[in-house]
Amino acid sequence: FARAPGQEGVEALVTGVPRERFAMLLEGSGCTFGIKPAQARTTDLGRSAHELSGARIALEAHEVASARALAEHLAGAPFTLESAVDAATDALGRHPLPLLCKDARLACALVERIEHDASLTRVSQLAEASGRNERALERLFRFHVGVQPKWVLRRYRLIEAVERLKSDAGHIGALAHDLGYHDHAHLARDLKSLTGSTPSELARGA
């Protein structure tokens with residue numbers, strides 16, 4: 001949700017998982033407010049998560065009752081972080097999201113596990129933890145997450161690499177090994193693709 005100075009109403013967008021590095025130019029002043037859809041179902045929009053991956057789609061207010069209520073709240077009040085949080089809490093409280101199906105709950109749990117368990121670096125490990133084979137796991141992630149489990153694993157491990165490089169440069173080869181890479185060159189390539197910076201630049205805070 002976003003509103004620029006003097007703008008009437010609120011622009012509402014649904015954004016899928018951004019698969020590529022992107023940049024956004026912000027000019028002037030205004031306010032934006034986002035909600036992480038960890039407990040949402042993209043099927044409520046008539047789409048799978050894969051269809052939204054990498055996309056920015058205008059959210060029509062009639063598509064989701066909670067989104068309509070929230071947009072109305074934000075459009076009619078001073079748009080500050082505090083008012084947006086209050087409006088979101090109220091709107092989602094009056095229009096609770098449907099209960100997630102078993103597969104959606106599993107997908108959410110696995111993504112959370114990937115985020116917090118740095119020892120997970122391979123899809124085979126995740127398949128063993130989930131009790132599903134790798135093909136079934138790929139179908140699950142495609143529909144409910146929007147990207148493949150390998151992509152999610154790599155993204156979280158790269159985020160970890162950035163944090164470790166910023167706090168303690170260490171040895172890039174050891175870091176690559178810890179994160180499941182065959183060599184430091186592959187890690188350096190992926191870091192460059194994700195952040196636009198080399199490991200040494202990240203370590204220097206450049």
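Before I start on burial, the cut-off: I call a residue buried when its relative accessible area is under 20%. I also keep in mind that this is a predicted model.

**Entry 1: helix 5**

I began with helix 5, residues 123-130, and asked which of its residues are buried. I got Val-123, Leu-126, Ala-127 and Ser-130. I then looked down the axis of helix 5: the buried residues fall within an arc of 100 degrees, so they line one face of the helix. Next I looked up what covers them, and the cover includes helix 4 (102-116), helix 6 (134-144) and helix 7 (149-167). I also checked what follows helix 5, and found Gly-131 with a positive phi, near 80 degrees.

**Entry 2: overall layout**

I stepped back to the whole chain. I counted 10 helices and four strands. Reading from the N terminus, I wrote the order down as β-β-β-α-β-α-α-α-α-α-α-α-α-α. How much of the chain is buried? I got 31% of the 206 residues. I also looked at contacts between residues at least 6 apart in sequence, and 66% of these join residues at least 24 apart.

**Entry 3: helix 4**

I checked the length of helix 4 first. Its 15 residues should span 21 Å at 1.5 Å a residue, and I find the end C-alpha atoms 21 Å apart, which agrees. The buried residues I listed for helix 4 are Ala-104, Ala-107, Leu-110, Val-111 and Ile-114. Down the axis of helix 4 these fall within an arc of 125 degrees, so here too I have buried residues lining one face of the helix. On the other side of helix 4, I find Lys-102 and His-116 exposed. The cover over the buried residues of helix 4 includes helix 5, helix 6 and helix 7.

**Entry 4: helix 4 against helix 6**

A reminder to myself: two packed helices are described by the angle between their axes and the distance between the axes. At what angle do helix 4 and helix 6 pack? I read about 95 degrees, with the axes 10 Å apart. An angle of 65 to 115 degrees counts as roughly perpendicular, and helix 4 and helix 6 are therefore roughly perpendicular to each other. From helix 4, I noted Asp-103, Ala-104, Leu-106, Ala-107, Leu-110, Val-111 and Ile-114 in the contact. From helix 6, I noted Leu-137, Leu-140, Phe-141 and His-144. Sorting the residues of this contact of helix 4 with helix 6, I get nine nonpolar, one polar and one charged.

Helix 7 has 19 residues, and I find 27 Å from its first C-alpha to its last, close to the 27 Å expected at 1.5 Å a residue. Its buried residues are Pro-149, Val-152, Leu-153, Arg-157, Leu-158, Ala-161, Val-162 and Leu-165. I looked up their cover as well, which includes helix 4, helix 5, helix 6, helix 8 (172-178), helix 9 and helix 10 (199-204).

Then I turned to helix 9, residues 184-195: its axis and that of helix 7 come within 10 Å and cross at roughly 90 degrees. Helix 7 and helix 9 are therefore roughly perpendicular to each other. On the helix 7 side, I listed Arg-154, Arg-155, Leu-158, Ala-161, Val-162 and Leu-165 in the contact. On the helix 9 side, I listed Leu-187, Asp-190, Leu-191, Leu-194 and Thr-195. I sorted the residues of the contact of helix 7 with helix 9 into seven nonpolar, one polar and three charged.

**Entry 5: two single residues**

Where is Ser-53 found? I located Ser-53 in the loop between helix 1 (49-52) and strand 4 (56-58). At 5% relative accessibility, I count Ser-53 as buried. Leaving aside neighbours within four places in sequence, I find Ser-53 in contact with Gly-16, Val-17, Arg-19, Gly-146 and Val-147. Ser-53 and Val-147 are 94 residues apart in sequence, and I get 7.1 Å between their C-alpha atoms.

Last, Ile-57, which lies in strand 4. Its relative accessible area is 23%, and I put Ile-57 down as partly exposed.

Technical notes
Residues numbered from 1 in each chain as written. Predicted model: local features only at pLDDT ≥ 70, side-chain atom pairs only at ≥ 80, totals over all residues. Heavy atoms only, no water. Buried < 20%, exposed > 50% of the residue type's maximum accessible area, 1.4 Å probe, protein only. Helix = DSSP H or I, 4+ residues; strand = E, 2+ residues; numbered from the N terminus. Arc of directions from axis to C-beta. Contact = heavy atoms within 4.5 Å. Expected span 1.5 Å × (residues − 1). Axes fitted to C-alpha atoms, helices over the stretch in contact; angles between N-to-C directions. Parallel < 35°, antiparallel > 145°, perpendicular 65-115°, else oblique. Nonpolar A, V, L, I, M, F, W, Y, C, P; charged D, E, K, R; others polar.
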